[in-house]
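Keep the structure open beside you as you read.

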Amino acid sequence: RDQHNLPFITPWERPQHEGAIRFPDFRHFIVEAGESHERLGFVILQGCRNPHRSVELNAALRQALMKQGLQRFVADTVAPLAAAVGEAWMRGEVEVPEEHLFTEQVQNVLRSAIGAHATLGGRPRVLLTTFPEEDHVLGLLMAEAMLVPEGAACLSLGTRTPLADIRSAAVGGDFDIVGLHLGAADGPALTLLPLPYALAQEAAA
């Protein structure tokens, strides 16, 4: 990957690809090359029908990010918006596809901003993940967005990581802190545990 393009490349996990294929506002394309049709990557077009004004939402989020800076954007814009959307969903005012669309737009903006701030060799080294029963990734991204401007070097394992894998990754990667997201996207963002304490808790579990 070209280093100049890297901040604009958003890695997706399989559930996100599956959601994009089903969602009518998205168009999902696999990029192939040569006679063998080797798969080189993918392209996602958003806002094809734009029934929920996703293009405008993305533009508004990026404008707020530019005005506020990454940390204030998370604290003053993303956190209250996520809470409001979650409450609206609980009241039945927002449907699941709309909630997923909002979350995806926010995650895309955060990933791009985090990539632009990330530095190699920073300290502390922070491992971010969730327990196997937790699948909310937005909280991880919000925490990472608060940490990287302070010089922390963060590595996210994504969600639903088995305990044994958390332990092996933490020890093998020379991490100082393990960050575990324990709640919903609009709940407590993260619990930060010094590595020795985290390992002791995992052993006692």
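## Overall fold

This predicted model has a protein chain with 7 helices and 6 strands.

Of the 205 residues in the protein chain, 39% are buried. Take the contacts between residues at least 6 apart in sequence: 64% of them join residues at least 24 apart. The protein chain has an accessible surface of about 11900 Å², and carbon and sulfur atoms account for 57% of that.

## Helix α2: length

Now for a look at one helix. Helix α2 runs over residues 54–68, which makes 15 residues. At 1.5 Å a residue, the helix should span 21 Å, and this agrees with its end C-alpha atoms, which are 21 Å apart.

Which residues of α2 are buried? They are Ser54, Asn58, Leu61, Ala64 and Leu65. These residues cover an arc of only 130° around the axis, so they lie on the same side of α2. The general rule behind such patterns is that an α-helix has 3.6 residues a turn, so residues three or four places apart point the same way.

What do the buried residues of α2 pack against? Their partners are α3 (70–90) and α4 (96–117). On the face of α2 turned away from its buried side, you will find the exposed residues Met66 and Lys67.

## Just past the helix

Terms used
Residues numbered from 1 in each chain as written. Predicted model: local features only at pLDDT ≥ 70, side-chain atom pairs only at ≥ 80, totals over all residues. Heavy atoms only, no water. Helix = DSSP H or I, 4+ residues; strand = E, 2+ residues; numbered from the N terminus. Expected span 1.5 Å × (residues − 1). Buried < 20%, exposed > 50% of the residue type's maximum accessible area, 1.4 Å probe, protein only. Arc of directions from axis to C-beta. Contact = heavy atoms within 4.5 Å. Areas by Shrake-Rupley, 256 points an atom, 1.4 Å probe, with all protein chains shown as cover.
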